[in-house]
Amino acid sequence: MTDKRVYIAGFGIVSALGAGRTETLEALASGRSGLAPIRRFRPPAGDPLPVGQIQEIEAGKTMPATHRLAQIAAAPILTAGGPPPDAVVVGTTTGGMAETEALLRAGVEDPAAYRWHGAATVAADLARRFGCTGPVLTVSTACSSGAAAAALGAALIRSGRAARVLAGGADSLCRLTYYGFLSLQLIDPNGARPLDRDRKGMSVAEGAAMMMLTAGDENTDAEILGAGLSCDAWHPTAPHPEGAGALSAMKAALNQAGLSTGDIDYVNLHGTGTIDNDLSEAVALRRLFGEKLPALSSVKGATGHSLAASGAVEAVIAALAARHGLLPANTGFRIPDPALGLSPLKTPKKANVRAILSNAFGFGGSNAALIVVQPDRFAPPRAMAERPLRIVSCACVTGAGTTDATLEKLDAASPCAGVVEDEVICRGLSPRLIRRLRRLPRLALSLAAEAAGDARPQGVFFGTGWGALSETDRFLTRLFESNEQYPSPTDFVGSVHNAPAGQIAQFFGAHGPNLTLTGENDAFEQALLAAELIDTGQNGPVLVVGADEAHPRLSPLFDPASAAQGADGGGALLVDRAGSGPIVSLRFLSGNGGCAGAADKLINALGADGAGARYGAVLAGIPAAKKPAARAQLDKVVSACRFTAPVLDYRQWIGQFAAASAAAAAMACRWLGQGRIPTALCAGAERFEDSRGILLLGLGDSISAVEIFPG
Amino acid sequence: MEPLLKELREKIVDILDLVDVRPDEIQPDARLVGGELGIDSIDVLEMVMMVEKDYGVKIDNREVGAKVFATLRALGEHIQQNAPELRE
């Protein structure tokens, strides 16, 4: 990480308070609430609950509401012009869920109707509109997603990998979240009133905010000086009672920014209005600031809780505070809660605000804190030398079983594609631990446990193409069968994209960064990039895991080409910045493989001359849905880089599933150790020289290159 | 009361996927939540849904919930007293 400053050079925002700078500022200056009874859909039983709703986003348009919210937020940046961003990072959890729910309920079986379902399609749509040919990342860490996306965006700039990053968050109202939070009894029927003694919960909302983060010192509103990520590793939904995770995220953000608590003029609270969140956050704040608490407020009584968008919405509100000297009120707050000991701003306040701490915490215990400051007001952030990731151990699951079973079969040139029984992946996991977990979290835990062995991983970077399909299907099925009256809290909690990563963290007590990334075929590569970018400065292992489940009902709708075969599994790498193990690195990632010149960029990144001689083997990921295009990309790269090594189309052997590259990475790691790949799998020499590495290519809509070299 | 408790035991084991618990291991007066059965706060909310769906009894605040889910017997008594069909 360099000491580069990260500026917020442009932004867009849309929430229940309105759209854009002027409307948002006016609403914040008035202290009004944008909450109103839900109108998007009519609950068959019970009063419509107050939500933060955006009227312009009514149903019946060609693209889902989340995508349109993201487009509205991105519009001012697109209009302002300038070169395309080098990367796009979007936090979202719902993706096309609002539309998917209606389609599933109506029994629509045409996969084309679900083409915008995937959470990753929100970022992909923006990338296309902006002409971005670099990494397109989707962060799904529940309610901290938007802030975590900003943190990753800032890290991309500080690492020197990007000069301009479009980063933000978007989520729309849908039945899954409306009824999910209701089933957890986390909704205040009177509307959220964060920090109030009589608070009863949150109000779900929709919204979006996008920021153009740049390394250049243009005329900017604010600067992101620091970010901190952590995990409670405590419970799937409840925050740590002493706010341990929140505290460590805030400390990490201050540390990266090089600021002390005395520098903070205002804290934008996560402040959802639930009894436990506000209590936990209050304890953490008092532990951090002692008696000298800065001005503080939660805007969620005004905007509602826009879930994955909220962290980005509030980063923009923090930028507005820095630029316009406006501290928003804690709308809805009336009676102080002695248990909290906090006195939030009852009315909006004008003051010079140099530095803001903005919090966002989510299910799975995933915490993010951002430090937003007036531009060039403070010294640049602390530089830190980049340290490569070294593989300590690895694991995979395929239709053949776990790692040894898979490699044995491949050695004998037997196909491994399929869905292995739960009993095989659950071996060694206690029945009580997994009783509530379905396929994806079981896969993830199994992979993590095998890769980690006796080690104690401190952080988790998880990639999944489609998330927990079993839990999602069960939740929606029961919701609709009961006429929207008896949703399952267990299935809701399990349906959240980052639930498996939260389970892994809880299993190991991993309190470090915990990120979940989503992409239709490059989720594992995204997770690997995140692991490279997020260096806490500590030594100690972290897990990089990729997994996907084959679901009989949903996979054929969401990913029909892959589902035709019915295969699932994944892979895990335990990596450390210390030690002498093989080095794994992401050499290239473009989320827009379909654009002209993407393959050329890959060739350029690998180096046309001599690249071929570096590798003892190439493992190529050719997704079923994009076979001809992916083959053409591969041929081009093989000939331009003059690969002499054998090229293995690994999906032919382990099957078509989104996280197949994670399994391939684990296989590559084992084969590298042996200095050979099974010849029966491909034409070419079996053994390769000790100094050579293995290259993993991802092809199709997303193009990636991951290298593994001996340490 | 006994038939209701038996019914509740079976339902609890089933809906909470208590794979390592037999229904008859749930003692009427033993701690139901946070004890040896491994039942936690998410399970409580799952039971809240079951009680509302199957017996028409709503439990929508924490204080009541803490008392009702203290033991199997407390749950049975609460349902007995409040269920429209079971009320004498």
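Predicted model: local features only at pLDDT ≥ 70, side-chain atom pairs only at ≥ 80, totals over all residues.
Student: Why is chain A called as compact as a globular protein of its length?

Tutor: Chain A has 25 helices and 25 strands. Its radius of gyration is 24 Å, close to the 27 Å that the globule rule gives for 711 residues, so chain A counts as compact as a globular protein of that length. Along the principal axes, its C-alpha trace spans about 75 × 55 × 45 Å.

Student: What makes a residue count as buried, and what percentage of chain A does so?

Tutor: A residue is buried if 20 or more other C-beta atoms lie within 10 Å of its own. In chain A, 65% of the 711 residues count as buried. As for sequence separation, residues 24 or more positions apart account for 81% of the contacts in chain A with a separation of 6 or more.

Student: How many residues of each chain make up the contact between A and B?

Tutor: Chain B gives 13 residues and chain A gives 16 residues. The chain B side divides into five nonpolar, two polar and six charged residues.

Student: How do you know that helix H4 of chain A is mostly covered?

Tutor: H4(A) runs over residues 120-130, and nine of its 11 residues are buried. Among them are Val122(A), Leu126(A) and Phe130(A); each of these has 20 or more other C-beta atoms within 10 Å of its own, because that is the condition for being buried. The cover over the buried residues of H4(A) includes helix H2 (65-80) and strands S5 (87-91), S6 (136-139), S7 (164-171) and S18 (514-518) of chain A. Just after H4(A), Gly131(A) takes a positive phi of about 70°.

Student: Which domains does chain A have, and what makes them touch?

Tutor: Chain A is divided into domain 1 (7-373) and domain 2 (389-709). Two residues are in contact if their C-beta atoms, placed from the backbone, lie within 7 Å. The contact between the domains takes 52 residues from domain 1 and 51 residues from domain 2 of chain A. H6(A) gives the most to the domain 1 side, with five residues. That side divides into 30 nonpolar, 18 polar and four charged residues. The centres of the two domains, taken over C-alpha atoms, are separated by 29 Å.

Student: Which residues touch the most other members of the largest nonpolar core?

Tutor: Of its 283 residues, the list includes Ala150(A), Leu370(A) and Ala572(A). Helix H25 (residues 660-674) of chain A supplies the largest share, 11 residues. The core draws at least three residues from each of domain 1 and domain 2 of chain A. Leaving aside neighbours within four places in sequence, the contacts of Ala572(A) include Cys394(A), Leu447(A), Leu543(A) and Ala666(A).

Technical notes
Residues numbered from 1 in each chain as written. Chains lettered and ligands numbered in written order. Nonpolar A, V, L, I, M, F, W, Y, C, P; charged D, E, K, R; others polar. Buried ≥ 20, exposed ≤ 12 C-beta atoms within 10 Å, placed from the backbone. Helix = DSSP H or I, 4+ residues; strand = E, 2+ residues; numbered from the N terminus. Core = buried A, V, L, I, M, F, W, Y, C linked by C-beta atoms within 7 Å. Domains from an automatic or database assignment. Rg over C-alpha atoms; globule rule 2.2 N^0.38 Å.
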